[in-house]
Amino acid sequence: MKSMGVNEIREKFLSFFESKNCLRLGSFPLVPKNDASLLLINSGMAPMKAWFQNPETAPRRRVTTCQKCIRTGDIDNVGKTARHGTFFEMLGNFSFGDYFKKEATAWAWEFFTEVLGIPKERLWISIYEEDDEARDIWINEVGIDPERIVKLGKDDNFWEHGTGPCGPCSEIYYDRGEEYGCDSPTCGVGCDCDRYMEVWNLVFTQFDKDEDGNYTPLPNPNIDTGMGLERLAVVMQGVDNLFEVDTVQDVMKHISKIAGIEYKNNEKNDVSLRVITDHIRSTVMMVSDGVIPSNEGRGYVLRRLLRRAARHGKLLNIDRQFLYEVADTVIDCSKDAYPELEEKRSYIKKIIQKEEERFDATIDNGIVVLNGYIEEAKKNGASSLTGEQAFKLHDTYGFPLDLTIEMAQEKGLSVDIDGFNEAMRTQKETARKAREDGSSWDGDEVYTFDDAEPTEFVGYTTLEADAKVVGIVAEGEGVTDAIGAGQSGFIVTDKTPFYAEMGGQAGDIGAISVNGKLAGTIVNTTKTGDGFYLHEVVIENPVSVGDTVTLSVDKKNRLAIARNHSATHLLHKALKETLGEHVAQAGSLVDSSRLRFDFSHFEAMTTEQIKETEKRVNDAILSALDINVQELPIDEARELGATAQFGEKYGDVVRVVSMGDYSIEFCGGTHLTNTAQCGLFKITSEGGVAAGVRRIEAVTGQGVLDYIASKDELIEKTAVVLKTNLLGEIDKKAQSVMEHSRELEKQIGDFKEKMAAAKVNNIMAGVKHIGDINLLTAQVDGMGVDEMKAMADKVKAEVPNSVAVMGAETDGKITFIAMASKDAVKMGVHCGNIIKEITAIAGGRGGGKPDMAQGGGNDASKIDDALAKVDDIVTGQTA
């Protein structure tokens, strides 16, 4: 058997199944599309669920893939053993109602024995104990010795997940030899030891399970096979575990070089090497597929992996950010199979480095506090850290709970998880109560309109339409048959030209009329989950269910919204050109006054980048690009390069909006017919809204004119203040005024220093002698802290064995300063204690070091009393 690398094995597998008329598809992104049941893709078949359910929607009935997968269920065991990992690649061949058991088994055997050259005597087969059909095929069609076929029960060899499609499995095992065995006389396929390694699982999806537990044969059974690429590489390379296969070893060797250690020399170090190696592989793949570190969902999974890897770097005494460097090796090892890694190399490294920097900013303080808690727990004989302690680490120091648990376990302690959750609940409840506003009418209730069909939207082609009222909701009454003058509520019609609020676009406003007479004003439009358009109205004349009404959209408002919506598409494209292809929409809001666009990016945009983005959008506007809208099959739209919008789900046919050759996106919103109708585009702000997410706000059309007018007004007002009529020289005038202001401030500062020096000379006459101490106390109202310190410094410099204590009321603020020379401190003087006592007399507090301290007070009438007390305090300190 010839040794093969990971990349060679992958290519041989995909090429082999292409020869069997399977369509080779690239790996689907790790972020599931239209599947809320999964946080991250965790198997080869997961992205193809829809094709198993509806084979006619598949691009071909036979498919083969190598799918990137993430599984974090046993993350705590990663590193502790060489068996566990979070990232792996799953080789698979699939049939959507096409070939079945006969072909799947024969091809699997052919690939193993003829393509890879695995010795037949090393291979064993397991089948479901009741699947006689599979046993017969293996024996009579493939030619397997019956002695090498093992029957296993439902727990091992039957795939099902609740109700729905399911079926028996057949697995191929590789015998690694007696040296990997457990020496048990019953050791064989299914044993928990390392000798018989399950390599390939063939799932025969042939039944449909109902809620009563009945299994009905599917008319068109499917094939779903899965084989871990790294596991197969273990077999082909004759190594002990997945951390020793070629590509994974390349990553580990890079880490070892940075840490200056070698693998298998120290078990504690080996644990850290395995953790970092696995987690950086997962991290690179997740970031390349658009996941950004955050505190929830898949973003939290990424953050946890990154921070866990970074902490294990510290355990290896790596005292700098290094994971972003190791990312280069991960990319180099896999870029041929996943070209997007090379395309996004710099983005991937920046995201990782930024997260390392954030972690470094919190980890050191957190570790100090955590170690303190651990010490305290051990001192008190406690077996765990409290939930409150874990929550404080999380809430105050940004220290992840899982890291607290892991580090506590290393010291033999547990963590009170229930207490942590309770503290978290208490915080959320407090925040929720603070947000409550007592509102009872918000339109979020669920309404039922008997015998009515969902509203038909006709607003793409017209702004006015006659319609029949099929439902009414009146404020305070709920669903009713009529709504009268002066009431507010919702009107539902059989059709409407009003666009409902969705996809980030604001709902239309306008008017509703009955028989040519204004019945009310529509102030917003929303849509229920079952397709009814709710026209929010303020009624002037009665409207009843069954009335025929005329709905008229406010044309000016719709056009303003369309300007901002079309400009959002142009902005999305311009950001990709300016910042890179990693930019992806993360949310948007467009109404008649502005647009707001959230996008993935790892740092604040520079002024130059903002200007460049703005220029690109305006260039597209001034190019007068035609805006075309068409409905296309979703696969055809994707082939055109159309970009999907954030958070939207799509059917088989999608609406595609293209702006010349510049921008093409899926979009259900309303748009202009030509980019020139935007007028102009101006970015008004750029900032961060979450880790890895930036936000741009901008205006178009009249909004730009209003923006320019406001800036002109500000410039004119500034010119008046600066007393200049030459607007073109306002910057020079401002610079001149600032230079003059700085010169005056310098002169004032010099004057104050001279005044302070003179005052010091005057008050030095009042020096008191307490033993060998020369004490000076003075009330110097009107002086700031810096001036008081300068005066005290002068006393300390010119008077031996000196102690200077001063108090002042300046601009309503009371300040005390105490300063002592080195010799005075040696004699027992402690300025911190002096300040502590005298500020209490003035109703304040303070403290500091033996040679210098300061504090404040609240009662100016007590400053003199406080200073009078200094004599006694110093006497007591030096006695």
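How many of the nine residues of strand β2 (residues 62-70) are buried? The structure is a predicted model, in which local features need pLDDT of at least 70 and side-chain atom pairs count only at pLDDT 80 or more, whereas totals for chains, interfaces and linings use all residues. Residues are numbered from 1 along each chain as its sequence is written, and side-chain values use heavy atoms, with hydrogens and water left out.

Nine of the nine residues of β2 are buried, so this strand is largely enclosed by the rest of the structure; buried denotes under 20% relative accessible area, computed with a 1.4 Å probe on protein chains only, and strands are DSSP runs of E of at least two residues, numbered from the N terminus. From β2, R62, T64, C66, K68 and I70 point one way, while V63, T65, Q67 and C69 point the other way, and all are buried. Strand β1 (residues 23-25) runs parallel to β2 and is joined to it by three bridges, with R24 opposite T64; two strands are taken to pair if DSSP finds at least two bridges between them. Strand β3 (residues 87-95) pairs with β2 in the antiparallel sense over nine bridges, and M90 in β3 is the bridge partner of Q67.

An open sheet is formed by three strands in the order β25-β26-β27, with antiparallel pairing. Its edge strands, β25 (627-633) and β27 (663-666), each pair on one side only, and neighbouring strands are turned by 25° against each other on average, direction ignored, where axes are lines fitted to C-alpha atoms, and angles run from 0 to 180 degrees between N-to-C directions. Seven bridges link β25 to the antiparallel strand β26 (residues 653-659), in which M659 stands opposite I627.

Key:
Helices (H or I, at least four residues) and strands (E, at least two) are DSSP runs, numbered from the N terminus. Buried means under 20% relative accessible area, exposed over 50%, partly exposed in between (1.4 Å probe, protein chains only).
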